[in-house]
Amino acid sequence: MRHWAPSIGILLLMPLLLVAADDSETEVRKEIVAAYQRSLDGLARGDADGALAIDTEDWISITVGQKPRTRQEMEGYIRRDIAGMKPPPGWSATWRPDYERNGTVSGIQIYDVKVDGNSAVVLCLVGGSRTEAIDGSPHTVWRGSHVRDTWTKTPAGWKRKMHEKLTVNERMVDGRPASQ
């Protein structure tokens, strides 16, 4: 019966190991949300270096229907046009899962983070919400893009390696797709 003791010990420790894994994923999510916020803050200050600090040197941006762009291609535009790239007032980076039930907010709304070792995939909404009357009733109308960002753990912390804009000028009403 002694050979069962290690197995029973492992079984008893499983809930603790799962909690530790959840804590690790929660910490990664918090770090990534903070990195998005620092980038928004950099844009708000007109600080191109602060805005670009979110990305790796080999970062790439892909927008549906367009050719991929490298950081080197985009950096010149960002530095030149930084003054006009300020996010609207009230924009922030937030963790808010299940937008279909909880609604949308203005800014970067992270709704899913999957961590696999030193990489993570983040799904988020980037856009703005406002209240509009539709058929006489108030509704939250959001316009923006669904985004999938791939992140990597670096010695300097979590950095975004790839930005994929999956939709452009999408419209949702109360967290659900709406006709344009």
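Let me begin with the word pocket: on a 1 Å grid over the protein atoms alone, a pocket is an open set of points where a 1.4 Å probe fits, with protein on both sides within 12 Å along at least five of seven lines, and its lining residues have an atom within 4 Å of a point. A volume is the space filled by probe spheres set on the points, which are joined across faces, edges and corners.

Please keep in mind that this is a predicted model, in which local features need pLDDT of at least 70 and side-chain atom pairs count only at pLDDT 80 or more, while totals for chains, interfaces and linings use all residues. Residues are numbered from 1 along each chain as its sequence is written, and side-chain values use heavy atoms, with hydrogens and water left out.

The largest pocket holds about 930 Å³ of space. It is lined by 34 residues, and those closest to its centre are Leu-43, Met-85, Arg-160, His-163 and Lys-165. Strand 1 contributes the most to this lining, namely five residues, where strands are DSSP runs of E with at least two residues and helices are runs of H or I with at least four, numbered from the N terminus.

The second largest pocket has a volume of about 150 Å³, and among the residues lining it are Glu-31, Arg-38, Trp-158 and Lys-159. Helix 1 and strand 7 each give two or more residues to that lining.
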